[in-house]
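Please look at the sequence and the structure shown below, and then read the short report that follows on a few selected positions.

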Amino acid sequence: MVGVSISESSITRAIMRSALKILDEYSSVDVAIVGAGPSGMTAAYYLAKAGLKTIVLERRLSFGGGIGGAASHLPSIVIEYPASEILSKDFGIRLQDMGDGLFTIDPAELIVKLAVKAMDAGTKFLLGIHVEDVITRDNPPRVAGLAVYWSTIQMANMHTDPFFIEAKAVVDATGHDAEIANVTARKNPNMGLKVLGERSANAAIAEDLVVKYTGKVVNGLYVTGMAVAAVYGLPRMGPIFGSMIMSGKRVAELIINDLK
Ligand code: 48F
């Protein structure tokens, strides 16, 4: 026996009232991050913690991006210093010291704790949302938000017009395909953005380069994580995740500084 009288229409009304309030409230944000992988969720945590109104838009119905698949679906994520310090101190993640400067983490713990910390800091996550395009402004040219619709509509390949989310800063955290940088470059040649495409593996240099090149690519648009490698033609690093965390933290610091 439940203690209240439930009707189908009352269930629907509860969903509609609450969901539409959320979509209304988040039609305009400080920062819109595309992708709930390791770099996007790390960035979200530091941005929300700094008091910025932050939303993460994720195409799948789950968090984590490439974390869950880890290395060939083996249940172990490798990271190195200084990401090890950050994950331990800021996210409370347990590390196992494997020697050679490498640590391992349980992928499920990494997914859950990045998501919980980002959420508790104030990030809003919307799952099942496909970001298909950016909003632009002229004089000077800049990215001013996103055009989005439900992933199910995209999967069904049905034509529909998107709805919009305005943002002071957009973060491409979409991983290897750098989807937001690509659509921005393709549709806005006036912005002069070139996406060079990721190179083959060279882990020793790739980890540092991704963090070094993290940041603004055109006004209003920033890249983090593997999207950085795609934009700048950097080598991939394979199944080591330290730079994803460092890149997420770095992009947050740059945006916090720019939006001040
Ligand atoms: O791929 P992903 O984990 O990106 P990341 O943060 O981390 C890369 C690592 O996982 C790994 C690696 C490092 O060693 O090589 O691959 O750079 O997460 C990207 C997320 O973005 C979502 C996608 O579903 C995934 O969860 N995504 C991609 N394109 C879109 C999107 C889009 N257009 N709209 C919404 N979500």
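## Isoleucine 240

In this predicted model, isoleucine 240 lies in the loop that runs between helix H8 (226-232) and helix H9 (242-259). With a relative accessible area of 16%, isoleucine 240 counts as buried, because the cut-off for that class is under 20%.

Once its neighbours within four places in sequence are left aside, isoleucine 240 is in contact with Val78, Ile79, Glu80, Leu102 and Glu207.

## The annotated binding-site residues

According to an unreviewed UniProt entry, the annotation "binding site" covers Asp161 and His176. These residues span 16 residues in sequence, and their C-alpha atoms are 26.2 Å apart in the model, so they do not all gather at one spot. From this set, His176 belongs to the lining of the largest pocket.

## Aspartate 161

Aspartate 161 is placed in the loop between helix H5 (151-155) and strand S9 (163-172). Its relative accessibility is 62%, and aspartate 161 therefore counts as exposed.

## Histidine 176

Histidine 176 sits in the loop between S9 and helix H6 (179-187), and with a relative accessible area of 42% this histidine is partly exposed.

When residues up to four places away in sequence are not counted, histidine 176 touches Glu198, Met226, Ala230 and Arg236. With one of these, glutamate 198, the link is also polar, as the side chain of histidine 176 makes a polar contact of 2.7 Å with the side chain of glutamate 198.

Conventions
Residues numbered from 1 in each chain as written. Predicted model: local features only at pLDDT ≥ 70, side-chain atom pairs only at ≥ 80, totals over all residues. Heavy atoms only, no water. UniProt positions renumbered as here; feature names shortened; annotations may be inferred. 1 Å grid on protein atoms, 1.4 Å probe; cavity = no way out; pocket = protein on both sides within 12 Å on 5 of 7 lines; lining within 4 Å. Helix = DSSP H or I, 4+ residues; strand = E, 2+ residues; numbered from the N terminus. Buried < 20%, exposed > 50% of the residue type's maximum accessible area, 1.4 Å probe, protein only. Contact = heavy atoms within 4.5 Å. Polar contact = N/O pair within 3.5 Å; in protein donor to acceptor, adjacent residues only side chain to side chain.
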